[in-house]
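Here is a short briefing for a reader who is new to this structure. The points are grouped by topic.

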Amino acid sequence: DGQDGLTPYIGTNGNWWIGETDTGVKAAGQDGQKGDTGEKGDKGETGATGAKGDQGEKGETGAAGKDGKDGKDGLTPYIGTNGNWWIGETDTGVKAAGQDGQNGEKGETGAKGDKGDQGAIGGSAIKTPASKQKEKMARKATLVKKVRPAPKVTKATKATRARRVRPVLLALRATRARKATLAPLEKTAKTALTDRMAPL
């Protein structure tokens, strides 16, 4: 019998080897030329929704936005000639002063005062013409010097006076408040006008 032949195999360098001999022949053929691009295939079906991803890191703080435009000046309420509150050219129909309340009920009669002391005994009942004239002059002097007592001021009188004075006070307060509100605006307007006139 003859000896067993050697089986060719592919070496680590990609060549055919027979035993310990490198034939130098590549086991794999060389790549052919690139073929023409095939036609585009049909669009495949939409795949299933993937699992929710992890939350990303917090981004950096953005730059500050620009300042907004200045708003228009508001209208200050004031009391019109008809006694109502006005806003600009609009009559609100609301009275600035409250209406007078109804008169209170009549109070009870006070207790009777104590009886006065008895007067001094007069002089002689017989009066001469001179004494009569002197007495008449004294009475006139007493009447002239007599001071009329001031009328008693009750709660009802105070309330009536307060109701009459209240509209005037409210009007004065509203005028002062309006002046206080308009003063800064007038100052700002004057400053702006001065700044514009400065280059001229």
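N84 is buried, with a relative accessible area of 8%, where buried means under 20% relative accessible area, exposed over 50% and partly exposed in between (1.4 Å probe, protein chains only). This is a predicted model, in which local features need pLDDT of at least 70, side-chain atom pairs count only at pLDDT 80 or more, and totals for chains, interfaces and linings use all residues. Residues are numbered from 1 along each chain as its sequence is written, and side-chain values use heavy atoms, with hydrogens and water left out.

**Around N84**

- N84 lies in strand 5, which covers residues 84–87; helices (H or I, at least four residues) and strands (E, at least two) are DSSP runs, numbered from the N terminus.
- Not counting residues up to four places away in sequence, N84 touches Y78, I79, D91, G93, V94, K95 and A96, a contact being heavy atoms within 4.5 Å.

- N15 is found in strand 2, and its relative accessibility of 8% is why N15 counts as buried.
- With neighbours within four places in sequence left aside, the contacts of N15 are Y9, I10, D22, G24, V25, K26 and A27.
- W16 also lies in strand 2 (residues 15–18), but W16 counts as partly exposed, at 33% relative accessibility.
- Apart from neighbours within four places in sequence, W16 is in contact with P8, Y9, I10, T21, D22, T23, G24, V25, K26 and A27.
- W16 and K26 are ten residues apart along the chain, and their C-alpha atoms are separated by 6.3 Å.

**The protein as a whole**

- The protein has two helices and six strands, which follow the pattern β-β-β-β-β-β-α-α along the sequence.
- Of its 200 residues, 4% count as buried.
- Among contacts in the protein with a separation of 6 or more, 19% are between residues 24 or more positions apart.
- The accessible surface of the protein comes to about 20,400 Å², and 53% of this belongs to carbon and sulfur atoms; accessible areas come from the Shrake-Rupley method with a 1.4 Å probe, and for residues only the protein chains shown count as cover.

- The structure holds one salt bridge, defined as a side-chain nitrogen of Lys or Arg within 4 Å of a carboxyl oxygen of Asp or Glu.
- It joins the side chains of E135 and R139, at 2.7 Å from N to O.
- Side chains of opposite charge can pair when their charged atoms come close.
- E135 and R139 are separated by about one helical turn because they are four residues apart in helix 1 (residues 129–145).
- E135 counts as partly exposed at 26% relative accessibility, whereas R139 counts as exposed at 55%.

**Surface patches**

- V165, V168, L169 and L172 form a nonpolar patch on the surface, with about 320 Å² of accessible area together.
- Patches are made of residues with over 30% relative accessible area and no salt bridge, joining like charges within 9 Å and nonpolar side chains (Val, Leu, Ile, Met, Phe, Trp, Tyr) within 5 Å.
- L169 has its place in helix 2 (residues 155–197) and counts as partly exposed, at 39% relative accessibility.
- A patch of positive charge on the surface gathers R166, R173, R176 and K179, with R166 found in helix 2.
- Lys and Arg count as positive and Asp and Glu as negative, while His and the chain ends are not counted; the place of a charge is taken as NZ of Lys, CZ of Arg, CG of Asp or CD of Glu.
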